[in-house]
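Dear colleague,

Please read the notes alongside the coordinates.

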Amino acid sequence: MLSRHWPGLLFLLCMSSGMIAAAAVSQAIDLPEAPGKQQVLDSCTRCHGVDVIIAQPRSPDEWTEVVSIMVGHGTVLTDAEYDRILAYLSANLGPKEPAN
Ligand code: HEC
């Protein structure tokens with residue numbers, strides 16, 4: 001009797017631990033909660049995910065350079081959007097981790 005139920009039980013266990021792991025990963029690559037986040041999501045995730053943006057901390061100068069390169073790739077930003085994005089990236093994705 002027990003052996004008949006084992007495979008199904010194991011399957012359920014694997015499924016649920018997999019889902020917990022997936023949830024943890026998607027948490028870890030989320031942008032920090034701060035003003036400007038929505039702008040970055042709107043303007044910067046058309047061609048790649050936020051993972052690319054979060055992967056490496058950068059100084060404000062480096063972010064300015066990255067955003068210029070992205071404009072070269074075809075990112076269209078108004079001056080206000082550009083300022084908001086740079087302020088967000090510099091404040092939240094700089095070399096030292098923000099205190100959460
Ligand atoms: C039009 C498409 C497009 C948009 C929109 C876009 N990117 Fe990119 N991004 C790319 C491409 C293509 C690459 C890979 C080539 C490269 O690194 O230049 C990339 C790479 C990157 C990298 C990795 C660069 C590296 O050298 O490691 C970062 C960081 C990045 N993008 C940030 C941003 C930010 C911030 C925005 C919003 C302002 C943005 N991207 C919007 C196309 C885009």
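Helices (H or I, at least four residues) and strands (E, at least two) are taken here as DSSP runs, numbered from the N terminus. On that basis the protein chain has five helices and zero strands, and its elements run α-α-α-α-α from the N terminus on.

This is a predicted model, in which local features need a pLDDT of at least 70 and side-chain atom pairs count only at pLDDT 80 or more, while totals for chains, interfaces and linings use all residues. Residues are numbered from 1 along each chain as its sequence is written.

The pLDDT, which is the predictor's confidence in each residue from 0 to 100, averages 84 over the protein chain, with 69% of the residues scoring at least 70. Confidence is lowest in helix 1 (residues 2-28), at a mean of 59, and highest in helix 4 (residues 60-73), at 98. Where pLDDT is low, the predicted coordinates should not be read in detail.

Around the ligand there are 17 residues, of which Cys44, Cys47, Met70, Gly74 and Thr75 come nearest; a residue is counted as near if its C-beta atom, placed from the backbone, lies within 6 Å of the molecule. Helix 2 (37-44), helix 3 (50-54), helix 4 and helix 5 (79-92) are the elements that give two or more residues to this shell, and helix 4 provides the largest share, five residues.

Of the 100 residues of the protein chain, 8% count as buried, that is, with 20 or more other C-beta atoms, placed from the backbone, within 10 Å of their own.

Best regards

Definitions and conventions
A residue is buried if 20 or more other C-beta atoms lie within 10 Å of its own, exposed if 12 or fewer, and partly exposed in between; C-beta atoms are placed from the backbone.
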